[in-house]
Amino acid sequence: MRRAGAESEKSRYMAKKPPTVEYLVVAPHPDDAELGMGGTIAKLVRAGRRVGIVDLTSGEPTPFGSPAKRRKETAAATKVLGPACRENLGLANRELEATLAARVKLAEVYRRLRPKVVFVPYWRDAHPDHLAASRLATEARFHAKLSKTRMAGEPHYPPRLLYYYCTHLRSHADVAFVVDISKEFETKVEAVSCYRSQFFEGRGRQIGAVVEYVGDTCRYWGRMIGRDYGEPFAVQETLGLEDLDAVL
Ligand SMILES: [Zn+2]
């Protein structure tokens, strides 16, 4: 009986505990997670890992999008990739800045979801929102571990930051490793293609050009590791390996 009591106590505690994730992708706009690392997200989900996505802004306005359209496209792409959760922080699109208030907001997400790995946009980019997102997501990591604050949640310092390329610079400098996404490439293309207002509608002769670019770069990075398709990542801290089996 005592055991049953203890069990129900435990399940009551677990029920009160908010769900956490192992991997959290921070994206400036809805579509950046898909463009930069949609294949890796699909791969992690397929392996049974809990992945979360936090979009920092609505991504709107854009020439052919609207907030409602973009939300619908994001929901469709999320369904394709299958992360455990996705949320939008509601920061200002086109005006994103790594302010203290924004840092606190994102740090509270880290404290609630408690990821062990946070995927952050690469630190060099042409888009000011992307630059701000990279800085903000990096700084929020340190802020999330602070004690004696008014922030919600318990202190948490994500052990690892990995940088992905959703860059407007058409450049992939500092690549540290490439994830083989040969089996997930089609899923990535399907997810990216959900954003009709961004890559297809009103594009004229440029229709689908971004999706083609995604295919070309994934193919290139796949070739670099002797596979069909790959997604590159960068690091700022030395990366450790538990064992060498993961090395291709
Ligand atoms: Zn973006």
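This is a predicted model: local features need pLDDT of at least 70, side-chain atom pairs count only at pLDDT 80 or more; totals for chains, interfaces and linings use all residues.

Colleague: What geometry does the site of the zinc ion have, going by the angles among its four donor atoms?
Modeller: Irregular, with angles of 52 to 141 degrees among the four donor atoms. Side-chain values use heavy atoms, without hydrogens and water, and residues are numbered from 1 along each chain.

Colleague: Which protein donors does the zinc ion have?
Modeller: His29 (ND1), Asp32 (OD), Asp32 (OD) and His130 (NE2), at 2.1 to 2.7 Å. Donors here are N, O and S atoms within 2.8 Å of the metal (3.2 Å for Na, K and Ca), and water is not among the atoms, so sites may look incomplete.

Colleague: Is histidine 130 buried or exposed?
Modeller: Buried, at 0% relative accessibility; histidine 29 is buried too, at 7%. Buried means under 20% relative accessible area (1.4 Å probe, protein chains only).

Colleague: Switching to H2, where does that helix bend?
Modeller: At glycine 38, by about 80 degrees. The bend is the angle between axes fitted to the seven residues ending there and the seven starting there. Helices are DSSP runs (H or I, at least four residues).

Colleague: And how many residues of H2 are buried?
Modeller: 12 of the 15, so H2 is largely enclosed by the rest of the structure. Asp32 and Gly38 are among them.

Notes. Four donors count as tetrahedral if all angles lie between 85 and 135 degrees; four count as square planar and six as octahedral if opposite donors are over 155 degrees apart and all others between 65 and 115; anything else is irregular. Buried means under 20% relative accessible area, exposed over 50%, partly exposed in between (1.4 Å probe, protein chains only). Helices (H or I, at least four residues) and strands (E, at least two) are DSSP runs, numbered from the N terminus.
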